[in-house]
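Let's take a friendly walk through the salt bridges of this protein. Have the sequence and the model open as you read.

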Amino acid sequence: MDPVSFFLVFLAIVLVGAALYLGAGIVRGRSIGSGLDQPVPNLPAVLLPENAKPADIDSLSFALGLRGYRMDQVDQVLDELRDQLQAKDREIERLGALVQQPRREGGETGRTQP
């Protein structure tokens with residue numbers, strides 16, 4: 001068999017194989033890239049409590065996935081979120097102390113003496 005005939009037979013086999021592959025995918029109702037669909041979640045969702053505290057951020061854990069997020073970026077964002085929550089809690093405590101301070105000075109009613 002000469003090289004040209006061999007190439008044509010090889011090309012015909014490849015084309016028939018590709019047609020069968022694509023035809024089987026169409027019959028099943030799937031597209032060529034359907035193997036890249038989102039994975040079915042089999043783990044519980046990662047949720048924060050309603051009144052999240054910095055310790056809740058530290059205890060978060062995400063499932064690993066082949067095409068998941070970059071762990072260093074997620075860790076950086078979670079660290080920043082934890083720091084912001086800590087700053088918010090400190091500010092709330094500071095403002096609460098300022099509100100309580102005039103009440104202590106003015107008595108039970110919260111009024112100051114003229």
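## Salt bridges overall

Searching the whole structure turns up five salt bridges, a salt bridge being a side-chain nitrogen of Lys or Arg within 4 Å of a carboxyl oxygen of Asp or Glu. This is a predicted model, in which local features need pLDDT of at least 70 and side-chain atom pairs count only at pLDDT 80 or more, while totals for chains, interfaces and linings use all residues. Residues are numbered from 1 along each chain as its sequence is written, and side-chain values use heavy atoms, with hydrogens and water left out.

## The network around Arg82

Which residues are linked in a network of salt bridges? They are Asp58, Asp79, Arg82 and Asp83.

Arg82 is buried, at 18% relative accessible area, whereas Asp83 is partly exposed at 35%. Here, buried means under 20% relative accessible area, exposed over 50%, and partly exposed in between (1.4 Å probe, protein chains only).

## Lys88 and Asp89

Lys88 and Asp89 also meet through their side chains in a salt bridge, with N to O at 3.4 Å. Lys88 is partly exposed, with 40% relative accessible area, and Asp89 is partly exposed at 25%.
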